[in-house]
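I opened my notebook with a plain wish: to look around one protein model and write down what I found. Come along and check each entry as you read.

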Amino acid sequence: MTDPQEMIAGYEQRTAALLERAEEAKAKIQDLTGTATSQDSVVRVTVGASGALIDLSFGAKADEMPKDRLAALVMATAKRAQAQAVSQIAVIMAPVIGDDSDAMRFVKEQIPDVEVPDEPEPEPETSRLAVLNEEEQEQQRPEPPRRPVRPAPDDEVDFDQQDFLKRDGDR
């Protein structure tokens, strides 16, 4: 028969090792992030496991993009980053609870499915070369620079009434 003290010591060792792996998994999950970049590299998003935004950056082409398309691209990229973060939870938990255990099935059931939308299609370059109607052309045309206005001649002085050969003091 096995010694009860040995059984208890073995159980305590396994429990301590499991607790250590669980603490490591907890720390990894707390620090878990997911990062995704849009296909055209205009948007880069980093989120935490819960989907909370941690970082957002834009590429140079973002300034030229319509705001509604940029917003849709941010949302789609954030969802992809969240899906990437969430998918890591099962990988982190596998050493603690096993790949094919009831506990792992429970963990996977608790992880929400993240619906990742498709990225919005880029607008064709020709759309920015559209012909404006006359009214829009007038609004787009800059005003020509204005000529400086000369002061109006002083009507108080009438030069035909003065003798141009005499000085002012000779009168």
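This is a predicted model: local features need pLDDT of at least 70, side-chain atom pairs count only at pLDDT 80 or more; totals for chains, interfaces and linings use all residues.

**Entry on helix 2.** Just after the helix I came to Gly98, which takes a positive phi of about 95 degrees.

**Entry on the cores.** Next I looked for nonpolar cores. The largest one has 13 residues. Among those with the most contacts inside it I noted Ala25, Leu32, Ile89 and Met93. Which helix gives the most to this core? It is helix 2, with eight residues. Helix 3, residues 102-110, also supplies at least two.

I then picked Met93 and listed what it touches, leaving out residues up to four places away in sequence. My list reads Ala25, Ile29, Gly98, Met104 and Val107.

**Entry on Ser101.** I moved on to the loop between helix 2 and helix 3, where Ser101 has its place. Is Ser101 buried or exposed? Its relative accessible area is 16%, and buried means under 20%, so Ser101 is buried. I also checked its side chain: a polar atom there lies 3.0 Å from the backbone nitrogen of Met104.

**Entry on the hairpin.** Then I turned to the strands. Strand 2 (residues 43-48) and strand 3 (residues 53-58) run antiparallel, and five bridges join them. Looking across from Arg44, I found Ser57 of strand 3 standing opposite. The hairpin has four residues between the strands, and in it Gly51 takes a positive phi near 95 degrees.

**Entry on Gln82.** My last stop was Gln82, back in helix 2. Why does Gln82 count as buried? Its relative accessibility is 17%, and the cut-off for buried is under 20%, so Gln82 falls on the buried side. Which residues is Gln82 in contact with, leaving aside its neighbours within four places in sequence? I found Val47, Ser50, Gly51 and Val114.

How values were computed:
Residues are numbered from 1 along each chain as its sequence is written. Side-chain values use heavy atoms; hydrogens and water are left out. A nonpolar core is a set of buried Ala, Val, Leu, Ile, Met, Phe, Trp, Tyr and Cys residues joined through side-chain atoms within 4.5 Å. Buried means under 20% relative accessible area, exposed over 50%, partly exposed in between (1.4 Å probe, protein chains only). Contact means heavy atoms within 4.5 Å. A polar contact is a pair of N or O atoms within 3.5 Å; within protein, one must be able to donate a hydrogen and the other to accept it, and residues adjacent in sequence count only if both atoms are side-chain atoms. Two strands pair if DSSP finds at least two bridges between them.
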